[in-house]
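Subject: Structure for you to look at

Hello,

Here is the structure I promised to pass on. Please open it next to this email and follow along.

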Amino acid sequence: MGSNKIETVELGTGGPRVGVQGLGCMGMSFAYGPTDADEARATLERALELGVTLFDTADMYGMGENEKFIAPFIQAHRDEVVVATKFAISPDPDHPDDPYKRVIRNDRPYIRQAVEGSLKRLGVDEIDLYYMHRRKVDVPLEESVGAMAELVAEGKVKHLGLSEVTGSELRAAQAVHPIAALQSEWSLFSRDIEDGVVQTAAELGVGLVPYSPLGRGFLTGAFVSADKELTKDDFRRTQPRFTGDNATANAALLEPVRTVAGAHGATLGQIALAWLQHQAAARGLAVVPIPGTRKRSRVEENTGAGRIALTEQDLALLEPIAGQVAGARYADMTLTSAGRE
């Protein structure tokens, strides 16, 4: 089975060495409707067999339940895996039971409180990669990253990461403490981070961890009229790209992906992941996408993207897609890098 494993890469200068594709674990217990817990656990094991070693969660996924869900797997394979989790998105104290009403906390006391909670839920002594999930702009980066650096010095955290920060914010953070990874949305549907963030990461030697690399499922061809096909508790119903006429328009953008997939004997999702794989070499930085899945068959499909080398003709066909997407990636873009660039 070893010959089927994906390759590895150093995630940022001095960062952890991981498989070139990670696994987003959020959907295993949060946000995307009903799930089969046994199949999700089997998916974690299968991913590791295939060489996936970066497993991504956050304290806000199910109010800590996602960290608890993957904890037995992390503990059983502690020397083989890199566990990444995040802080900053906290329940709104005025609406504590609503998982979609939140506040952002970047202050030192909260960071120290958050890391202790994640360590306990994961059942580990040290978090391999600890991200600031979102930036609260009225808290100086120096304070937040300084507090995170203290966690490294104390042995609670091994490497630091940021999510959805601008290029200038990344540069300011790097001046305080080395940043191993920057996590932001990046895909054939979402390319706004190419307007400065990617270039800054490459210059500073920071790895890129694209979340939603499959456009939250759109790039797999899974949707025709997404607002009708999603369950009532699926959070994608809150996103402009999945609602009304936008969903229909975006489903129609996949024809170039189908053309390229046919030429390579691949699935649409594999082409989307191969495109990100190409960006690593083209832009001179480590790129480790974290497609989320809770099915073994999907993780097998996703890791198969590593065999695909896109041609210049393929890339030309795929290039226009992002500029034609209907709807923003979030209803409120103020907490993304694009909302502050």
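At roughly how many degrees do the axes of helix α3 and helix α4 cross? First, some ground rules. This is a predicted model, where local features need pLDDT of at least 70 and side-chain atom pairs count only at pLDDT 80 or more, while totals for chains, interfaces and linings use all residues. Residues are numbered from 1 along each chain as its sequence is written, and side-chain values use heavy atoms, leaving out hydrogens and water.

**The helix pair**

Now the reply. Helix α3 (residues 108-122) and helix α4 (residues 141-153) cross at roughly 35 degrees, and their axes come within 9 Å. Axes are lines fitted to C-alpha atoms, for helices over the stretch in contact, and angles run from 0 to 180 degrees between N-to-C directions. Helices (H or I, at least four residues) and strands (E, at least two) are DSSP runs, numbered from the N terminus.

Who meets whom? Arg108, Ile111, Arg112 and Val115 are the α3 side. On α4 they meet Glu143, Ser144, Gly146, Ala147, Met148, Glu150 and Leu151. Contact means heavy atoms within 4.5 Å.

**The sheet**

Next, find the open sheet of 7 strands. Its order is β3-β4-β5-β8-β9-β10-β11, with parallel pairing. Two strands pair if DSSP finds at least two bridges between them. β3 (23-24) and β11 (207-211) stand at the edges with a single partner strand each, so one side of each has no neighbour in the sheet.

α3 packs on this sheet and touches β5, β8 (127-132) and β9 (157-163). Its direction makes about 140 degrees with that of β8. α4 lies across β5, β8 and β9, and runs at about 155 degrees to β9.

Walk through some of the pairs:

- β3 and β4 run parallel, joined by 2 bridges. Leu23 has Phe55 in β4 as its bridge partner.
- β4 (residues 54-56) and β5 pair in the parallel sense over 3 bridges. Leu54 has Val82 in β5 as its bridge partner.
- β9 and β10 also pair in the parallel sense, over 3 bridges. Gly161 has Ala181 in β10 as its bridge partner.

Why is β5 (residues 82-87) described as largely enclosed by the rest of the structure? Because 6 of its 6 residues are buried. Buried means under 20% relative accessible area, exposed over 50%, partly exposed in between (1.4 Å probe, protein chains only). Val82, Ala84 and Lys86 are on one side of β5, and Val83, Thr85 and Phe87 are on the other.

β10 (residues 181-185) is largely enclosed too, because 5 of its 5 residues are buried. Ala181, Gln183 and Glu185 point one way, Leu182 and Ser184 the other.

Look at Ala84 in β5. Its relative accessible area is 0%. Not counting residues up to four places away in sequence, Ala84 touches Leu54, Phe55, Asp56, Thr57, Leu129 and Tyr131.

**The cores**

A nonpolar core is a set of buried Ala, Val, Leu, Ile, Met, Phe, Trp, Tyr and Cys residues joined through side-chain atoms within 4.5 Å. The largest one has 88 residues. Those with the most contacts inside it include Leu23, Phe55 and Ile271. Helix α10 (residues 268-283) gives the most to this core, with 8 residues. Apart from it lies another core, of 14 residues, among them Leu11, Val82, Ala84 and Tyr131.

Best wishes
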